[in-house]
Each structure stands twice: as C-alpha cells, then as structure tokens.
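Visitor: Hi, I have a structure open and I'd like a quick tour. Can you help me read it?

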Amino acid sequence: MILVDFAWLIPAAVLAALTLEVLIYIVMRFSRAPLPIAASQHGGESPDGGEAPDAHAAQAAQAEHGNHSTHSTHDDHGGHGGSTPFWAQLCSWIGIAGLLGAFGLSIALLVEFLQNPVVGPGGTHLLTAGRFIHLYDWFNFGNLTYPIDFRVDSLTVIMLVVVTGVSLLVHIYSTGYTRGDPGYARFFIELALFTLSMLILVLAANLLVIFIGWELVGLSSYLLIGFWFYHAPPPRGSELPYPPPAQVKAFVTTRLGDFGFMIGILILFFQTGTFNFVALNTATLHVDKSLITIAMILVFCGAVGKSAQFPLHTWLPDAMAGPTPVSALIHAATMVAAGVYLVARLFPIYAQAAGPQAFEVVGYIGAFTALFAATIALTRYDIKGVLAYSTISQLGYMFVGLAVGDSNTLGMYHLFTHAFFKALLFLGSGCVIHALVTAQDAHGVQDMRKMGGLAKFMPVTAICFLIANLAISGIPPFSGFWSKDPIIGTAWDKHDYIIYGMTLFTAFLTAFYMFRLFFMTFGGKGGAFGGLWGGRDQYRGDAHPHESPLSMTFPLMVLAAATVLIGLAGFTGLNQGFAWFLNSGVNVSFAVTPGLDLLTLFGVGAGVLGIALAWLMYGLGIVPATAFTSNPIGAFVHRVLYNKYYLDDLYALIVKYIALGLANLAALFDKYIIDGIVNGSAKAVRSLGSLTRRTETGKLQNYGAALFGGAMIILLIIFFATGAIGK
Amino acid sequence: MGVSLQAFLVLGAVVFCIGLFGALSKRNAVSILMGIEIMLNAVNITLVAFASSFLHQQPKNNPLTGQIFAVFIITVAAAEASVALAMIIAIYRRRNTIDVGEINLMRW
C-alpha cells in the first residue's frame, strides 16, 4: 500500500470543506442576514458620485479615477468597516483546514515521488509509471466506456503542490483582505469550489475528466470575477473593469476556445477510440499525421482561451474586476496555468504524433502574445492592469518554452516559478489597494498616479514586491531567471531567431514595466537608493497608507521566501532536478542551463537595461516620462497601446454588429419560421375546425341524410367497381 | 307467376325511397313516423318477394322464413308506432308543438 493510491483524498478534502461551508452558508445566510444586493440598490447615484469625475477631469483626458463608487456609508465594501459574523469566519477556517490537509497530502505525495518506490510489475518505479486511480465508469455505450479516472504522475504532483500551496496562502490572505465584506463566507465557498475544480483538472487521467475540470474552472472563475457584482460601475474612461460584464466576458471568451478544444478532443477520440492520455500517446502515432496536427491545434485553441493568449486574451485584464486574492489565485497561478498544463500534458502527442506545424503555432502565438501584452502593459496606470498584462506575457513565455523545448520541462518550470512570484505580485498589489481605502475609493485606490513612496509606509510589502519584481525581470539569483532565461536561450539554440528576438525584447519590456510599477507605487524621485525607496513626501494620494495585518503579510513572506529559495537552489541544480523529476526520473539535462555565456548575458542584460531605463525615468527622474510621448509618433504609439491596440473596441464592434446581427437574424428566424410553423399549424387546425363544426347541426334528419347519402355513394362506387353498371 | 321478382324489388326500392324522403324531409313528427312505417313496409315487400321466389330452389330450408320475418316486422312496427305516438302526444302536451326543429332541448 502506498500513499499515492490515496491521492483522491486531496480533492476529497477540499470537497468536504466546500460541502461544510455551503451547509453553514445556507443555514446562516438565508435564515438571517439580508443579501448585500439590497444595500447597493441606492449606492450608484448618491450625490458625491457625480463629483469625482469633475474634480479629476482637468488632470488628463484619459484620467483614471479609481473606483469611486460611494459605498463607504454602506457595509458592502471590502476591507474596512463592517463586521464578519462568527459563522462566516468558521467557513474560512474550514476552508483553510481543508486546504491545509490537501497541501500536506500533496507534499507527502511529492516526497513519495522523490523516494521513487517500486510500484508496478517488473520493477517499474513510481516516477516512470505514475499511478492510475480508477474511480468509476460514467457510462457504457456499446463497447465504449467513458471512465472517470485520476492519474498521478510527476506533472500532476507538481501542479498539486502549486495549486494547493498557492490556494492555501490565498485563503490565509483572504481572511485579512475580505474581512468585513458581506460576502465573506461566499468568497471562501467560491475559492474552495475553484480549488476543487483545478484539482480535478490536474488529476485527470483522460481528456473527458480534464474537460469536466476545465469547465468547472471556467464556472468558478465566473463566480469569483463577479464576486462584487453589486458594486457600482466604474466611471467612464476608467481603466477599471466592471464586474458583471467582466465575468460574462471571461466566461464567453474562454468558451470560444473551448469550442475548438472540444472538436479537438472529438477528433482524437474518433481516431483512436480512447480519451486516456497514456493510451493516446501511442495510439496517435498510428493515425494520419495531418489530422492529429489539426486536432492538436484545435486543442491549443482551448489553451488559448483559458490561458489568455492572443487573440482571446481580452478577458484576463477585465477579470481583474474580481477581488485581488482571486486575481492571484485564478489569474496568476492556477486557472490560466490550465492551458499550459494541458499542452504540457499532451506534450508527447504534440512532439511526436503531430506535425511540426502544431508546435510552430503554439510557439509563435506564445511569442507574439508575450510581446503584445508587454507593450500594452507599458501604458497601464491601473496597478492590477499592469500585472494582468504581465501575466498574459509570461503565459506566452510558457507556451514558447513548451514549443521550443525537447520536453515539457521548460514551460512547466516557468509555470512553477511564475506561480509563486506572480501570486506574490498580486497579493502585494492587494496589500497596496487594501492600504489605500479612502472615503472616495471605498474599494481602494488602484491608480498608480495616486500612489508613490509607499515603501516607507509598508516596508514588508515593498520588499516582497521587489523580490517578485526581480524574479519576473529574470535577474539572478531569483527564481524567474532560472526558468525564463532557458526559454529565451533554447529559442536561440533551436534557430527560432524570430521567437528569440521577440522573447528577448519582451524580457526588456517586462523589466521596464514592472519597475515602472514599482517606482510609481513604492518609490519615486527623491526617495532613498535613488528613488527606489520612496519617502513620505512622495505619496501623491490622500489616503492613510499602512502596513497590512499579519494574515496578509504572512503569505507574502512565504511566497517571497519560495521565490528566493527556488532561485538560490538553482545554483545547486534545482532546475536539473526538476527536469529529472518531470521526465520520468531519467537523467536529462535542462535544455539550456543558464551559465556564464553570451546568451545568458543577453537575457539578463535585457532585464537590467529595462530596470535601468525605468530607474532613469521614474526613480531618478532624469528622463521625463513624457519624453517618448511628446513627439507625434510617440504620442500615436502611446494612444494605440493605451487603448490596447483597439482590440477590445474591435471585439465590441464585432459583438455589436456581427454577433448581435446574427443573433437578431436567428431571432427573426425563430419568430417567423419556427414560431410560424407552430402557430400556423395551430391556426390551420382551428380554421378547419370552424369549417367542419358547421356540419354538427344536432339535427337527426341531417345526419340521416348524410348516412343514407353516404351509403348511396358507397353503393355506387361498388357498382362501378364490380361493373354492375356503367358498362 | 306473371310478375317477376325484379318488379317487386323495384317496387320495394321505390317505396323505401319515398319513405326515406318523408322521414328525412318532414318537420312534423307524425309525418316522420309515417315515413318510417313506409320504409318498414318496403322492406316487408322485398322480404316476402324473396321468400316466394326462392320457395322452390331451397326446399330444405324453411320456406316460410321471409313471411315470418315480415309478420314480426309488422308486429314490432305496431309496437313502435304506439310508443312513438305516445311520446309525440306527451311532447305536444308539454311544448304545444310536434315540429322536430323546435324539439332541440338536448342539442349541444
């Protein structure tokens, strides 16, 4: 008996926590407190709702006001004020306990995998064989079975640790972040549901189960993005998204990709007759190569939707409408990683069964998205907006890593490191937003122009944020360096010079916009260390910033420690160990290990250049920020970038004219053709009835006449037929 | 045997049609009753005609079947006429009419 056979306990623990929370919620919520939506009915049009735009309108044409909804007098805002009842806190504790159990089990699984015991016949080791857990058969159809199976292998174990670990930290963080929110208990229920969906997704042994988890993740992200569905919409021209349309956008946009994913699954199934990953790896080798290529590109469409790659990336920045811990959990560490995980899971099919075109598509879309999102991130003023686009950009890196690598190690390692430092960045930005609650911005200021010098107020957050910033910029010895640099280097080694150029330039942009964010938020001209550590006089807003409670800084410290430790362990060969672990315990070398060579120098140099430029512009203030936008070309570029290449507007137009036009056509068809047939048949029957009811006179003599007349006609017919008369 | 079977059958058919016409077209209940009686008697004519014309051809059968049928029909018709007339008188007493067009109490 080995522990891995009980891997199903991990989702079961979360499911148990979820069930308990829902029970408590149903009993307590519907028996007592009024729903929060009742309080916000009159929140949107309060008198001071109209003031804020006027006050700031003079600043700039594209001024961002932050979320200035006027809920401060009500008890439906996050963070401050309001009280959290005991039962809601109980929900959060149950959630944390369930996650703690799941995380402990995941770590135990990791340890067991590292020990690598013999499990199978013929001395097969656990790392090589993985472990198959049959749960039950969903249904049998003819000689086909549709099984619900789990499979635990090294890839799954890594994802389990990442998902449960980040989710646990986000749970702890949320107890501080959403304290006082009327949806406190609901928040933890939705978090647990999300974690459960993600666990099902990563434990799946076949495409059927992964698709179930996939859609569950979509559903729970829909719920979490729209968690503040009752908030007032942000003012016109603001960068901030509005939760209700944002959640629908996330759901519908990812569904576009899911359509391709489903067709891809069906092609694979019809060609091979199996959903199972292991069986697919060999079965697809004997099928027409071009067909598999098409199927894998279609499957990648699903990953494009879920992992927010161009052109389906537009939902992710809008998904920042959700509470910040949600952004950390869903949109940095786990949900968007689902697409990367899917491609990594199907890596053998991509690499062997499909033609090279499949990975070319993956690589070029990834590289383009990385560059594309990075350029948009340059112009954001919304602190979470920058992070959202940087997430899209980093996901692009992961796909590049999968496409150019010899195994799925490159992409998965970047996913692994990125999960920690991106969660750290999001949670750090959550601390900032949490600290900047004013009367006007009851949900916290998100506009970086109203920040600055915060490092003096919240040093722990600033230090953690700086560590994550260095990691994402690819500066050694932090974790991002060990995962990002090999991706760029491998692209060069594989002679994909276009991808190399794009990713290298993106590395420069990434470092620049991340440090732009840091200087605008925590530092500023005149601060210590050349503006890195801003002074009190640098703060441009009117809130009273303060360090967050321990429940919020503790996860930050843990994540920062993970980022540093993973980075330091890189010197001792952690990435080699990762490659060994992920590749069935075979000794393979990490494709390109960062070393003291020219490639690494370029990679790190791009990051250092980006940091230096950001320092010059925002830290030291030597180069004014308007230097690039003052000339007409720069202004045009800035306008295009600030408007996200007008893609959102383009999609809005497409939806407005093409999609809604088609919908109207369909509605007309439904109204006149479908309803016409139904109503027409009813009308025909009715008019026929009104005709024939005239014959029902009720007079016996009429009936008699009809009877005898009919008998006569029948007789005549018989006579004619038998030839008795008429011949 | 100067008169052929055909002549009797034609007579029966004609009388039946006269009776049918009377029963279907008259509005007076007594006239309808009379039409029905005529139809019954037309059937009697055909029955008796068939019975006498097939008398020799089927010696084994009871030669009087047709006639006995006719006698039965006359008896039943008499009973029916008495019942119908009683009903008509009862209706007339209550509603002061025997026009079938106005006796429509049970019409839908």
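Guide: Let's start with a term. Buried means under 20% relative accessible area, exposed means over 50%, and partly exposed is in between. Also, this is a predicted model.

Visitor: OK. Is A:R255 buried, partly exposed or exposed?

Guide: A:R255 has a relative accessible area of 29%, so A:R255 is partly exposed.

Visitor: What does A:R255 form a salt bridge with?

Guide: With A:E215. The closest N and O atoms are 2.7 Å apart. This pair links distant parts of the chain. A:R255 is in helix α9 of chain A, and A:E215 is in helix α8 of chain A. They are 40 residues apart.

Visitor: How many salt bridges are there over all chains?

Guide: The count comes to 12. Another one joins the side chains of A:D153 and A:R345, at 2.7 Å from N to O. A:D153 lies in the loop between β2 and α6 of chain A, and A:R345 lies in helix α14 of chain A, so the pair ties together parts 192 residues apart in sequence.

Visitor: Is A:D153 buried or exposed? And what about A:R345?

Guide: A:D153 counts as buried, at 11% relative accessibility. A:R345 also counts as buried, at 9%.

Visitor: What about A:D406 and A:K494? How far apart are their closest N and O atoms?

Guide: They are 2.8 Å apart, in a salt bridge. Each residue sits in a loop of chain A: A:D406 between α17 and α18, A:K494 between α20 and α21. A:D406 is exposed at 61%, while A:K494 is partly exposed at 33%.

Visitor: Which residues are linked in a network of salt bridges?

Guide: A:K249, A:D318, A:K644 and A:D648.

Visitor: New topic. Where is A:T334 found?

Guide: In the loop between α13 and α14 of chain A. A:T334 is buried, with a relative accessible area of 0%. Its side chain reaches the backbone oxygen of A:L329 at 2.4 Å. Leaving out residues up to four places away in sequence, A:T334 touches A:V163, A:F194, A:M198 and A:L329.

Visitor: Now the two chains. How many residues does the contact take from each?

Guide: It takes 12 from chain B and eight from chain A. The area buried between them is about 660 Å². Carbon and sulfur atoms give 63% of that area.

Visitor: Which element of chain B gives the most to the side that touches chain A?

Guide: α1(B), with five residues. The residues on that side of chain B divide into eight nonpolar, one polar and three charged.

Notes. Residues are numbered from 1 along each chain as its sequence is written. Chains are lettered from A and ligands numbered from 1 in the order in which they are written. This is a predicted model: local features need pLDDT of at least 70, side-chain atom pairs count only at pLDDT 80 or more; totals for chains, interfaces and linings use all residues. Side-chain values use heavy atoms; hydrogens and water are left out. Contact means heavy atoms within 4.5 Å. Buried area is the accessible area (1.4 Å probe) that two parts lose on being put together, summed over both. Helices (H or I, at least four residues) and strands (E, at least two) are DSSP runs, numbered from the N terminus. Ala, Val, Leu, Ile, Met, Phe, Trp, Tyr, Cys and Pro count as nonpolar, Asp, Glu, Lys and Arg as charged, and the others, Gly among them, as polar. Buried means under 20% relative accessible area, exposed over 50%, partly exposed in between (1.4 Å probe, protein chains only). A polar contact is a pair of N or O atoms within 3.5 Å; within protein, one must be able to donate a hydrogen and the other to accept it, and residues adjacent in sequence count only if both atoms are side-chain atoms. A salt bridge is a side-chain nitrogen of Lys or Arg within 4 Å of a carboxyl oxygen of Asp or Glu.
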